[in-house]
Amino acid sequence: MDLTLLGVGSMIGSGWLYAALTSSGYAGGLTGWAWLLGAVMVLLIGLVFAELSAAIPRAGGFVRYPQYTHGNVVGFVIGVSSLLAYTSTAGVEVEAVRQYAMYWWPALGNADSSPTTLGFVMQIALLVAFFLLNYWSVSFFGRINTIITTFKFIVPLMVIVTLFGYYHGANLEVPGTNPGGAHGVFSSLTGAGIVFAYLGFRQAVDFASEAKNPQRNIPIAIILAIAISFAVYILLQFAFMGAVPTDLLNAHGWVGLKAIFQSPYADLARSLGITWLINLILIDAVISPAGTGNIYLAGASRVLFAWAKNGHLFNIFAKVDPKSGVPRGALWLSLILAIAWTLPSEFQVWGGLIGAVTSATVFTYLPGPVNAGVLRARLPGMKRPFKLPVFGLLSPLAFIASSLLIYWSGWSVNVLLIPILVVAWLAYVVFGKKDEHFKRDVMSSLWLLVYYLVVLVLSYLGTYGGINAISSPTDMVLLIVVTLVCYYWGVASGHEKLTIPQDEDEPEHEIPVAKTSKAYS
């Protein structure tokens, strides 16, 4: 239950408050297909990690599995992408809290919704509150999250039931989208926050070492969290689109609504004259993102803990407090980095950073199918409590799904993120630890460097923010071909002998393997 609610609590955060409006501006009446496609793609990725985390439950598993299968270089680079993704998400959520709170307290923001000095103070105070909730113990954190998630789940359901009473099916036929069509559907997955809304499944993986019976419970929690969130989001999308006053929609189109609805559901309720719903939404608009930010700050500490366990951070961040079960050193660092994301920058509103945060997170998930492929090849006798069916098909498909999501995020995001990851790769090769496995680790990481560079070039030449030198769908076909080459290259590049240590600071979870698999140590 706790693992499932961690996932649902992460997914139903700021996404439900903004994504229905922003995705409508991209794809209009086709937005429902975007939510379905996003759920399927994230589920594919989630099922791969269900196999990995059920077989090897580790705190911050997204960072540790690449280290196990490909060594220090890949482990370091994925750690960098995780650092960007996790610490920024808590900042995005407190930004959403402040933007909706402006409805009550206008002094928190400027006319363009960017924060004032008071707004910055509020955001930092929220992050400190999350820190304190996480500091005391894992069980206390779980109890608080269960209470908050229950409330977060009830309010969207009340919104759905209420807004469907004002439903106008003709609204789905109204144009005024940018770009619209299939291109709009694909663009909305990252640009409108749809995939961002689903990414909370990772919490079950991050808290794997602290879960009871993780081999059984993690796969169930991942599947349930994605299924529940999809049902809630698809109903919210159609309830929102159908309830928008038709005269307002005809006058402005779906794109034009962004200038009118600063706080989408609250402004919609106001236009419909539903006063009680306005107040309920505004209360939840504080609680939902705050609850999600609380979870992500905790998740960020587990990722930093895992990065330290890989040997890429100081040992103080790899220590777990014996009484609370919390990696407190890593939690302190998570707080500092999350605060840094909320400081003045060119991305000071929810929509400004959402594409970059989504893409950075997907970069973190990217190696998962390759890691699972290496483990299948090198340790066929390992007991897998959850075994992904039709692995030879679904694992490459999960890798393709990650690549498409990265590509659809557009050139403006990829030109920001991919060079950071390339520099991280080069930095470790030049300045990293030169032990006896260094050359092996570099050779095992070449596929990842080539992947980054080719995706960057395709993004520049393609139709998603690029120069359109390669038309659609040729650009996506080329991307899929490159993705498959790098997938099988990555699997072949995995270490022949795998070391999967049991952490002294973590609870003992058996990772059994058949005696014939001598590569396991």
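Predicted model: local features only at pLDDT ≥ 70, side-chain atom pairs only at ≥ 80, totals over all residues.

Biologist: Great. How many residues does helix α5 have, and how far does it reach?

Modeller: Helix α5 covers residues 72-101, which is 30 residues, and reaches 44 Å from its first C-alpha to its last. That is close to the 44 Å expected at 1.5 Å a residue. The expected span is 1.5 Å times one less than the number of residues. Helices here are DSSP runs (H or I, at least four residues), numbered from the N terminus.

Biologist: Is α5 largely enclosed or largely open?

Modeller: Largely enclosed by the rest of the structure, because 28 of its 30 residues are buried. Buried means under 20% relative accessible area, exposed over 50%, and partly exposed in between (1.4 Å probe, protein chains only).

Biologist: And what about α19, what span should it have?

Modeller: Helix α19 runs over residues 411-431, and its 21 residues should span 30 Å at 1.5 Å a residue; the end C-alpha atoms are 29 Å apart, which agrees.

Biologist: Which residues of α19 are buried?

Modeller: V413, N414, L417, I418, L421, V422, A424, W425 and Y428 are. Seen down the axis of α19, the buried residues fall within an arc of 150 degrees, so they line one face of the helix. The arc is that of the directions from the helix axis to the C-beta atoms. On the other side of α19, S412, V423, V430 and F431 are exposed.

Biologist: You listed I418. What is the C-alpha separation between I418 and L456?

Modeller: Their C-alpha atoms are separated by 6.8 Å, with the two residues 38 apart along the chain. L456 lies in helix α21, and at 18% relative accessibility it counts as buried.

Biologist: Switching topic: how many cavities are there?

Modeller: The structure holds 2 cavities of 30 Å³ or more. On a 1 Å grid over the protein atoms alone, a cavity is a set of points where a 1.4 Å probe fits but cannot get out, and lining residues have an atom within 4 Å of a point. Grid points are joined across faces, edges and corners, and a volume is the space filled by probe spheres set on the points.

Biologist: What lines the second largest cavity?

Modeller: The lining is E51, L52, A55, I56, A372, L375, M382 and R384, around about 40 Å³ of space. Helices α3 (31-55) and α17 (368-378) each supply at least two of the lining residues, and α3 gives the most, with 3.

Biologist: Now T190: buried or exposed?

Modeller: T190 counts as buried, at 1% relative accessibility. T190 lies in helix α8 (residues 181-191), and its side chain reaches the backbone oxygen of W408 at 3.4 Å. A polar contact is a pair of N or O atoms within 3.5 Å; within protein, one must be able to donate a hydrogen and the other to accept it, and residues adjacent in sequence count only if both atoms are side-chain atoms.

Biologist: Last one, the loops. Where is P473?

Modeller: P473 lies in the loop between α21 (446-461) and α22 (474-492), and the peptide bond from S472 to P473 is cis, with omega near 10 degrees. N468 is found in the loop between α21 and α22 too, and has a positive phi of about 65 degrees although it is not a glycine.

Biologist: What about V390, which loop holds it?

Modeller: V390 is found in the loop between α17 and α18 (391-408). V390 is not a glycine, yet has a positive phi of about 50 degrees. At 56% relative accessibility, V390 counts as exposed.

Technical notes:
Residues numbered from 1 in each chain as written. Heavy atoms only, no water. 1 Å grid on protein atoms, 1.4 Å probe; cavity = no way out; pocket = protein on both sides within 12 Å on 5 of 7 lines; lining within 4 Å.
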